[in-house]
Amino acid sequence: MTMKSFVRSGVLAALAGAAGCSGTDPVAGAAASDVVQLANENVATATLATLSAGPRISGQLSPAREATVRAQVGGSIVRLNVDRGQPVRGGATIAQISSRDLQDTATSASTVVTSAETALAVAQSELQRTETLVKGGALAARDLEQARNAVANAQAQLASAKSRHVSAQQLLDDTAVRAPFSGVINERPANLGDVVAPGTPIVTIIDPSSMQLEALVPSDQIASVRQGMPVKFNIRGFPNQTFTGTIQRVAPTADIVTRQVAIFVQMPNVDGKLIAGLFVEGRVETAARKGVVVPLGAVDETGPFPTVTRVSNGKAERVIVELGIRQSDTELVEVVKGISAGDVLITGSAKGVSPGTPVKVVG
């Protein structure tokens, strides 16, 4: 309590004692003549602003697209063209596995195909000759049937040879490890000269052009959250910047320990400055509206109706208000009815000043 407030309280107490003898109400008279001085921190001005309501969220950024590129064939890595942080284009060769044995297999399969094609050509020529001789009566009909069977068998042999050649060529192509899409190398567990087996991780690629926020929503608020809703959030490491994304998916189950539900928010990363793994805090905007906004500290909700104490013509005035969107993290609330933008309100404990009391803002 300041010295001025203490003196004022003493004066009011003395006048109250005198009222017991005189039967008058000197407190009202004192309140009418004694001006309550308020510091700037004890008043707030109602302003027009946009408030949003919805569940608070927290989580971290992760790449929307990520792929672990693995070896498709076994062998030694004879070339490794990339390292962590390096951009790559989709389809580019990022590593080469030794292919000597596979090259020999592919060459052998190609030779078998050529041989099968020759055998089919011979069988077809023999079939034509046999057809001519059968028509002339020089050969029996069963010879024609045998010639046709020989052609069918040659065709089957060629198809089998071509299939083996395609398989061998595919294995040979798989020795070249290619990027599945354009992105940036995030991890490279393999090294030049490593002997790898099929399925061994070579590199991990992420697509930084679009990031994904994986966040948690309390289960008691998940009913108000749905796909397509906007999410506004701040990212640690990017102060004074607000980012916006859209809910792409909502997990079908809650965490068995925390009872929170995961949501996945898609967001653009056009300039590529956002980095996976950064911590995020924000809100799902289930409602957003522009209106008259005041600090929560200016509202008295102890009575049957919420009220504010407004400074009007130099005096305190109690006003019943109707509240709208409440934003607890910023301690702001929308006032739908009762006051207008520009009204000066008394906040904190000072808002309990009696209606009609002269007030003055100093400082």
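Guide: A residue is called buried when its relative accessible area is under 20%, exposed when that area is over 50%, and partly exposed in between (1.4 Å probe, protein chains only). What you see is a predicted model, in which local features need pLDDT of at least 70 and side-chain atom pairs count only at pLDDT 80 or more, while totals for chains, interfaces and linings use all residues. Residues are numbered from 1 along each chain as its sequence is written, and side-chain values use heavy atoms, with hydrogens and water left out.

Visitor: Does Glu 334 count as buried or exposed?

Guide: Glu 334 is found in strand S21, residues 332-337, a strand being a DSSP run (E) of at least two residues, numbered from the N terminus. Because its relative accessibility is 5%, Glu 334 counts as buried.

Visitor: With which side chain does the side chain of Glu 334 make a polar contact?

Guide: Leaving aside neighbours within four places in sequence, Glu 334 is in contact (heavy atoms within 4.5 Å) with residues including Leu 51, Arg 289, Val 292 and Glu 322. A polar contact asks for a pair of N or O atoms within 3.5 Å, one able to donate a hydrogen and the other to accept it, and residues adjacent in sequence count only if both atoms are side-chain atoms. At 2.8 Å, the partner of the Glu 334 side chain is the side chain of Arg 289.

Visitor: Does Gln 227 count as buried or exposed?

Guide: Gln 227 is found in the loop between S11 and strand S12 (230-235). Since its relative accessibility is 61%, Gln 227 counts as exposed.

Visitor: How far does the backbone oxygen of Gln 248 lie from a polar atom of the side chain of Gln 227?

Guide: Beyond its neighbours within four places in sequence, Gln 227 is in contact with Ile 247, Gln 248 and Val 250. Val 265 stands 38 residues from Gln 227 in sequence, with 9.2 Å between their C-alpha atoms. From the backbone oxygen of Gln 248 to a polar atom of the Gln 227 side chain, the distance is 3.1 Å.

Visitor: How many residues does the largest nonpolar core have?

Guide: A nonpolar core is a set of buried Ala, Val, Leu, Ile, Met, Phe, Trp, Tyr and Cys residues joined through side-chain atoms within 4.5 Å. In the largest one, Val 88, Ile 94, Ile 202, Val 203 and Ile 205 have the most contacts inside the core, and strand S4 (56-70) and strand S11 (201-218) are among the elements that each supply at least two of its residues. Apart from it lies another core of 20 residues, including Leu 61 and Phe 233, whereas the residue count of the largest core is 25.

How values were computed: Helix = DSSP H or I, 4+ residues; strand = E, 2+ residues; numbered from the N terminus.
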